[in-house]
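Here is a friendly walk through one protein model.

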2 protein chains.
Amino acid sequence: MTVKSKQDESRKAIFNISKEKNFPEWFGEICKVAELADIRYGVKGFTPFLPWSVMSMEIMFDLYEAALQRKDHLPMLFPTVIPESNLIKEAEHVEGFTPQVFWISEVGTGERLEERLALRPTSETAIYPMYALWVRSWRDLPLKRYQRCSVFRSEVKSTRPFLRGREFLWIESHNVFATHEEAKAQVLEDLETTKEVVTEQFGIPVMVFKRTQWDKFPGGVNTYAADTLMPDGKVIQLPSTHDLGDNFARAFDIKYVNEDNELVYAYQTCYGPAISRIYGAMISVHGDDKGLRLPYKLAPYQVVIVPIFKVENEEDVMDYCHRFRNLLQQAGIRVYLDDDEATPGWKFNYWEMKGVPIRAEIGPREMSEETVVLFRRDLMKRETVPLADVVSHIVALGEDIDQTLRKQAEAKFEGLIVDADRMGEIRDAVERGKIARIPFCTTEMDGLECAEEIKAQTGGEIRGTRIDVEEKPDGVCVVCGRPAREVVYVARSY
Amino acid sequence: MTVKSKQDESRKAIFNISKEKNFPEWFGEICKVAELADIRYGVKGFTPFLPWSVMSMEIMFDLYEAALQRKDHLPMLFPTVIPESNLIKEAEHVEGFTPQVFWISEVGTGERLEERLALRPTSETAIYPMYALWVRSWRDLPLKRYQRCSVFRSEVKSTRPFLRGREFLWIESHNVFATHEEAKAQVLEDLETTKEVVTEQFGIPVMVFKRTQWDKFPGGVNTYAADTLMPDGKVIQLPSTHDLGDNFARAFDIKYVNEDNELVYAYQTCYGPAISRIYGAMISVHGDDKGLRLPYKLAPYQVVIVPIFKVENEEDVMDYCHRFRNLLQQAGIRVYLDDDEATPGWKFNYWEMKGVPIRAEIGPREMSEETVVLFRRDLMKRETVPLADVVSHIVALGEDIDQTLRKQAEAKFEGLIVDADRMGEIRDAVERGKIARIPFCTTEMDGLECAEEIKAQTGGEIRGTRIDVEEKPDGVCVVCGRPAREVVYVARSY
């Protein structure tokens, strides 16, 4: 694998934008100079993704799919198109998604299709008619399947690479159970998987919420979701998982013969980690003013080697660099030897901006001493390591980098929550990029009016009730003054 | 990972259809009973792929992408939709693909798009406008990128799972070079990659052809492709690679400043291994009358363990099976312990039909002797192996199975070619499922009439001239009697 890092005026190596003070500019610029995505495609919300992001997203898919497979979910792949007659079978679902659907109605040079086809906005209505054929008996349950694919939604909100696109990359897991209890247990398993993968492996801290009734998945019973905080003080939804109850089973006729020989409806869940969005959150959470800081686990190149030589020792230094590279390759470390003609200083800046976790600097001194200088991007620190120990040292350093990035992110995440019980306090917290914890009347549909009032007065949205901590409300609803039945969290959001 | 293999009347375990005598039935049935694809989706040519095929296709993608990355091609990902104004920029290309395009012209509840969007039938017209922005100087070349995605073509021919779908899975590699010579060298590299992956790793023998001028990629200069033979005596095109010359560079304005500071057009190639189609060919080439025979490299489960016990020793036998499974898992072998309640005999049939390369049979005798009985699906042979040697034995056996499958396929492939210089001989060969090698006037457009005559009289199509062997024509064209300028091959085809 090679990537060009050619030193010419068209390529910028030094990056310096305040992520906290000017996040939109930081994000737009890093997508451009680190070559993550190119927004010039010419169709709103559709963005080509470039190798540096695609290689990391591939790793993220692999880690996510491995976690799902360990928990007995198997991969499948459904068509990208859904017949209109399927899409309209579940009333709330069609109402929720139809405004965003891209429709195929013509083929070739003018032929009209007999039935319009939707580009899948999500695949319940593609998959569940087949589940109705596959699920016959209690012996077929549980059925746990997922697919990795693109989905398409004509978002009205403004789009941004990774964070909100009209086409995005995700995994969607669709499961069928004999009982509602098993379905609810799956929802909890999904939230655990989220923490295992998103937090433990990608280093992104999250809070887990049960969404309000007006903010749930169209057609479902309850939605649970993990939120993280972006550098601009807005929360972003990372994976959500949905308890569908038997709503879709009734709409799509998914029934099974139970052990008592009765034909009954099944219960369902679905779970949708959007890898492209998680990638966008990951680079935003870990990056700094100098550019990307990629976790060792997710970096396309975990180590970049920068040779430092004069004309008289070029060949020897390069030989030593090749020897070092081969050593790392044999150990399964993703390594890139940057033998481009640019200066070492230019390369240092370039790979720091690209977020490569470890840089190896190798010159005549390292060669003669049989050592390597290792520079870690997260803390911008150097150390000298003997060649004999370097592989195990790099593996340990990689672990430490990932732990450090995660701890730094968690440290920022803590202390985010501010208790508030007046509108002014909520507005205040939200404006400072905090999350307000407030007493609230109800997350049933009855509470929607109060939520809209909060949104109008503070710009914040209710993210729901926490399910990862136990909380009892105290006092009255901030808006209506009725007794508070819930503790909810309010923040600006993507 | 688990898969259900429950013994009930709805699931067939014994498969017995003659692959050679009744290939269409064999293929349709194996897709159904081995749970590879389900044709009941309800949109012509769009087929859900099930775990047993998806898990193998994932491995095939991984092996293909690894080969491309070793040769310095990097992954990227473009949008699924292409604006109409892009699609029509290259005249021959638009003529070739437009009849097959699915068009998106509406969004949501009736809004018309300002410009229609095509579902990509192939991505030249999506990618090349961006390449025009990315390629500026000789320093940017060569540019070698690929993507893994679905493409969409409204085929008029009848569709079949994997072999011909309206949505199919592929890798498309798009490359830009400074000179035509480098582009031609890339085409040869692609053909080598085809042999490395399709033949050496997947075990599918191929012949490599330069296609005729009337059968080339729309808009390209020359098309080269690998064909294999299916059990029904028809050839099928596996990956093709295209020398685009500077045709697309001129249409999309892909220019670079060369070392002499002149602004000149670049040269391009593209290469498109269709993984879903290669999967269809792979199972067809290797399968037998009892069902699938999957290569060890590609099987979702490389080893299935079938425990054989009575009530009194169930626990001990299962303990021994778990111990054996853990041993294989630690060695990175994909293993599945079938602890379902079905009988051992039913499981034997089931996993033979599913094509699992190695079955381990474990009963009280194996437990007491610390051995394992291994059954290889390709040759249907059993042997007893001590537990202490079993991992290295399985790894070697896996290699041997893959070699055996490949050699059996190659043996059938040899002796396929029949020399012919009269129409009757060609018809004869084609009807017997052979490939006729014939003297032919020309593969330039001038020869099209003769090709159509051959097609009309024999049902065979001209596959082109071989590029992997040197051949000089002798005599006159079978049809028109003009001096033969080429040796071409004729066969029925998919």
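A residue is called buried if 20 or more other C-beta atoms lie within 10 Å of its own, exposed if 12 or fewer, and partly exposed in between. Keep this cut-off in mind as you read, and remember that the model is predicted.

Let us begin with Met380(B). Is Met380(B) buried or exposed? With 11 other C-beta atoms within 10 Å, Met380(B) is exposed, because exposed residues have 12 or fewer. You can find Met380(B) in the loop between strand S16 (371-376) and strand S17 (381-386) of chain B. Its phi is positive, about 55°, although Met380(B) is not a glycine.

Most residues other than glycine have a negative phi, and most peptide bonds are trans. Phe162(A) also has a positive phi, about 70°, without being a glycine. Phe162(A) sits in the loop between S5 and strand S6 (167-177) of chain A. There are 26 other C-beta atoms within 10 Å of Phe162(A), so this residue is buried.

Now for the peptide bonds. Leu141(A) and Pro142(A) are joined by a cis peptide bond, with omega about -10°. Pro142(A) belongs to the loop between helix H5 (124-134) and strand S5 (143-152) of chain A. In chain B, a cis peptide bond joins Leu141(B) and Pro142(B), and omega is about -10°. The loop that holds Pro142(B) is the one between H5 and strand S5 (143-152) of chain B.

Asp140(A) is found in the loop between H5 and S5 of chain A. Asp140(A) counts as partly exposed because it has 19 C-beta neighbours inside 10 Å. Between Asp140(A) and Val257(A) there are 117 residues in sequence, counted as their separation, while their C-alpha atoms are 9.8 Å apart in space.

**Where the chains meet**

How many residues does the contact take from each chain? It takes 53 residues from chain B and 53 residues from chain A. On the side of chain B that touches chain A, the elements giving two or more residues include helix H2 (51-70), strand S4 (111-119) and helix H5 (124-134). S3(B) gives the most to this side, with six residues. Sorted by class, the side of chain B that touches chain A has 29 nonpolar, 12 polar and 12 charged residues.

Strand S3 (residues 102-107) of chain A and S3(B) run antiparallel and are joined by five bridges. Here are some strand pairs, each with one pair of partner residues.

| Strands | Sense and bridges | Partner residues |
|---|---|---|
| S3(A) and S3(B) | antiparallel, five bridges | Trp103(A) and Glu106(B) |
| S20(A) and S21(A) | antiparallel, three bridges | Gly464(A) and Tyr489(A) |

**A sheet in chain B**

In chain B, five strands form an open sheet with mixed pairing, in the order S14-S13-S15-S16-S17. Which strands stand at the edges? They are strand S14 (335-337) and S17 of chain B; each has a single partner strand, so one side of each is left without a neighbour in the sheet. From one strand to the next, the twist averages 25°.

Helices pack on this sheet. Helix H10 (residues 344-354) of chain B touches S13 and strand S15 (358-362) of chain B, and its direction makes about 165° with that of S13(B). Helix H12 (residues 390-413) of chain B touches S13, S15, S16 and S17 of chain B, and its direction makes about 5° with that of S16(B).

**A helix and a core**

Helix H6 (residues 180-201) of chain B has 22 residues, so at 1.5 Å a residue it should span 32 Å; its end C-alpha atoms are 30 Å apart, which agrees. Among the buried residues of H6(B) are Ala183(B), Leu191(B) and Val198(B). After H6(B) comes Gly203(B), with a positive phi near 75°.

Finally, the largest nonpolar core has 280 residues, and Val490(A) and Val490(B) touch the most other members. Leaving aside residues up to four places away in sequence, the residues that Val490(B) touches include Ile426(B), Ile438(B), Thr458(B) and Ile462(B).

How values were computed
Residues numbered from 1 in each chain as written. Chains lettered and ligands numbered in written order. Predicted model: local features only at pLDDT ≥ 70, side-chain atom pairs only at ≥ 80, totals over all residues. Helix = DSSP H or I, 4+ residues; strand = E, 2+ residues; numbered from the N terminus. Expected span 1.5 Å × (residues − 1). Contact = placed C-beta atoms within 7 Å. Nonpolar A, V, L, I, M, F, W, Y, C, P; charged D, E, K, R; others polar. Pairing = 2+ DSSP bridges. Core = buried A, V, L, I, M, F, W, Y, C linked by C-beta atoms within 7 Å. Axes fitted to C-alpha atoms, helices over the stretch in contact; angles between N-to-C directions.
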